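Hi,

Here is the structure I promised to send over.

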Amino acid sequence: LNNKTVLSVAIACALPASMVNAKTFDKTLADALAASPLELQQVIVTFEGKGPATTEQITALESLGITGGVSLRNVPIVGVLANKQQVEALYQRDDVVSVWNNDPLELENHESTQITGVQALQADRDIRINGMPVSGKGIGVVVNDSGVDGTHGDLAFPDHVVQNVLAQVNLNSYSGILPITYQENVSNTDILGGHGTHVAGTVGGNGAKSGGLHAGVAPGADIIGYGSGAGL
């Protein structure tokens with residue numbers, strides 16, 4: 001054994017087993033299962049691995065009577081409906097890294113515009129444009145990202161998203177000898193990820209779907225979507 005190996009073994013032996021083989025049982029999920037042991041809960045299960053859940057792992061779920069769910073394509077995560085007994089039995093498997101409650105999505109744009117001073121600016125009666133609060137009206141903003149979903153009520157095309165370009169299909173962006181093939185006036189250009197729609201909403205969503213609560217920084221601005229692709 002070399003020095004690094006000896007050191008690694010020593011550290012591993014000194015640490016509690018819970019830290020060497022870290023597993024997580026979400027407290028919110030544990031509380032929900034304890035309150036209603038027979039009720040099916042929405043559970044996010046993460047297995048060990050680098051690709052999707054294996055056939056053996058899916059079979060293990062089925063052997064516990066867990067038959068409904070969604071398995072992600074590129075990572076070993078499965079969303080299932082399961083009761084307390086099923087989840088606890090599943091958690092005992094060595095290849096289960098964590099079980100989490102499928103918590104509802106929380107929107108935070110309202111808090112963001114408060115923290116950044118946008119709400120204070122718009123409420124300041126000493127700062128007005130033609131008697132109206134600052135809203136970005138008369139300004140156009142290009143969102144060059146994965147695209148923009150103009151079918152969303154906060155970003156309706158063509159009234160609020162005034163132009164939406166599907167550039168992922170532009171062959172000229174790959175080679176100058178190829179023709180320009182982007183498409184304009186496409187209602188939804190966010191065909192891969194959703195990040196561009198999120199950015200457009202933060203910049204200039206009008207908050208229509210939340211009664212104005214989650215409006216963006218400049219809800220009066222015109223949005224020009226340019227879907228150049230999605231990358232993480």
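Before the sheet, one term: two strands count as paired if DSSP finds at least two bridges between them. Please also keep in mind that this is a predicted model.

With that in hand, there is an open sheet of three strands, ordered E8-E10-E9 and paired in parallel. Strand E8 (140-145) and strand E9 (161-166) sit at the edges, each pairing on one side only. On average, neighbouring strands in this sheet are turned by 15° against each other, ignoring direction. E8 and strand E10 (residues 222-227) run parallel and are joined by six bridges, and Gly140 is opposite Asp222 in E10. Packed on the sheet you'll find helix H8 (residues 195-204), which touches E8 and E10. The direction of H8 makes about 155° with that of E8.

H8 turns up again in the pockets. The largest pocket holds about 440 Å³ of space and has 16 lining residues, with Leu107, Asn109, His152, Asp154 and His214 nearest its centre. Which helix gives the most to that lining? H8 does, with four residues, while helix H6 (109-115) is also among the elements that supply at least two. Sorted by class, the lining of the largest pocket comes out as nine polar, four charged and three nonpolar residues.

Then there's the second largest pocket, at about 200 Å³. Its lining runs through Ile129, Asn130, Met132, Pro133, Val134, Ser135, Gly136, Lys137 and Ile139. Five of these lining residues are nonpolar, three polar and one charged.

Cheers

Terms used. Residues are numbered from 1 along each chain as its sequence is written. This is a predicted model: local features need pLDDT of at least 70, side-chain atom pairs count only at pLDDT 80 or more; totals for chains, interfaces and linings use all residues. Side-chain values use heavy atoms; hydrogens and water are left out. Axes are lines fitted to C-alpha atoms, for helices over the stretch in contact, and angles run from 0 to 180 degrees between N-to-C directions. Contact means heavy atoms within 4.5 Å. On a 1 Å grid over the protein atoms alone, a cavity is a set of points where a 1.4 Å probe fits but cannot get out, and a pocket is an open set with protein on both sides within 12 Å along at least five of seven lines; lining residues have an atom within 4 Å of a point. Grid points are joined across faces, edges and corners, and a volume is the space filled by probe spheres set on the points. Ala, Val, Leu, Ile, Met, Phe, Trp, Tyr, Cys and Pro count as nonpolar, Asp, Glu, Lys and Arg as charged, and the others, Gly among them, as polar.
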